[in-house]
Amino acid sequence: MKLETRAFCRFLVVGWQMARRINPKCVACAQLSVAMARQLHGASGDGCWVEKRCHRRRSHYRNRQGLNEKRRVEYRQQVAAARADDGVERISLEVVASSLPYANLYIWREKRKDAPVHAIAATVIQNGQKVLEVEPIHCAGYRKRQLERYMEQKVMPYLKERFGITHFSNEIRLEPIECPLKDCPLKESFDSGGVVDD
């Protein structure tokens, strides 16, 4: 049974009880010496001194803040230990100083699945920096098999030879209107107000 569940069950069994209020008279008495406290609150004083309980109560009020903090720390440690004790071994390993390079494939095409590919490009990233960019090419008029052959025979062998990359980590789809090529016919028709299909 988890620690929080046990505490809640004990709460249900024992019942809800409010904590006792701090007695300001006892707090003030705890700061006095035993002789002075007996004189003020004993038989010759207001008569509230009880030998059996006052020593313990005075000690509690003097050390109350430290004791409560100690209890809170112990409770937090018990809860953390109960959560950590789930049977899973946890280790922490150093991060490698330099990361392996990876490649992203950029595909400019509309979102629908059967949309033709407008353009493709690739980049190689290493240590968070772009280290190589394969220039984008227009794919108008290319069939799917022609694009695959271009990737298999031109792009991937170069990436494998230079960086040891055998596949693309990410395929990023972009809208055709975002094509970076300057001589893009789609941009020209968009600027003139016409619509051109690939």
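**Entry 1: the sheet**

I take two strands to pair if DSSP finds at least two bridges between them, and I take helices (H or I, at least four residues) and strands (E, at least two) as DSSP runs numbered from the N terminus. What I am reading is a predicted model, in which local features need pLDDT of at least 70 and side-chain atom pairs count only at pLDDT 80 or more, while totals for chains, interfaces and linings use all residues. Residues are numbered from 1 along each chain as its sequence is written, and side-chain values use heavy atoms, with hydrogens and water left out.

I looked up the strand order first, and found an open sheet of 4 strands in the order 3-2-1-4, with mixed pairing. Strand 3 and strand 4 (168–174) stand at the edges with a single partner strand each, so one side of each has no neighbour in the sheet. On average, neighbouring strands of this sheet are turned by 15° against each other, direction ignored; for such angles, axes are lines fitted to C-alpha atoms, for helices over the stretch in contact, and the angles run from 0 to 180 degrees between N-to-C directions.

I then followed strand 2, which pairs in the antiparallel sense with strand 1 over 7 bridges and, again antiparallel, with strand 3 over 7 bridges. Towards strand 3, Val124 stands opposite Leu132, and in the hairpin of strand 2 and strand 3, with 2 residues between the strands, Asn127 takes a positive phi near 55°.

**Entry 2: the cores**

How many residues of strand 2 are buried? I find that 7 of its 8 residues are buried (under 20% relative accessible area, against over 50% for exposed and in between for partly exposed, with a 1.4 Å probe and protein chains only), so strand 2 is largely enclosed by the rest of the structure.

A nonpolar core here is a set of buried Ala, Val, Leu, Ile, Met, Phe, Trp, Tyr and Cys residues joined through side-chain atoms within 4.5 Å. The largest such core has 17 residues, of which Val124, Leu159, Ile165 and Phe168 touch the most other members. Strand 1 (102–108), strand 2 (119–126), strand 3 (129–138) and helix 5 (144–163) each supply at least two residues of this core, with the largest share, 6 residues, coming from helix 5. I listed the contacts of Val124 (heavy atoms within 4.5 Å), leaving aside neighbours within four places in sequence, and they include Tyr102, Leu132, Leu159, Phe163 and Ile165. A second, separate core of 7 residues includes Trp108, Ala119, Leu181 and Leu186.

**Entry 3: salt bridges**

With a salt bridge defined as a side-chain nitrogen of Lys or Arg within 4 Å of a carboxyl oxygen of Asp or Glu, I count 8 salt bridges. One of them joins Lys25 to Asp46, the closest N and O atoms being 2.6 Å apart, and this pair links distant parts of the chain, 21 residues apart, with Lys25 in helix 2 (residues 24–30) and Asp46 in the loop between helix 3 (34–41) and helix 4 (51–84). Lys25 is partly exposed at 36% relative accessible area, and Asp46 is partly exposed at 42%.

I also noted Asp114 with Arg112 at 3.0 Å, N to O, where Asp114 is exposed at 61% and Arg112 partly exposed at 45%. Glu110, Arg112 and Asp114 are linked in a network of salt bridges.
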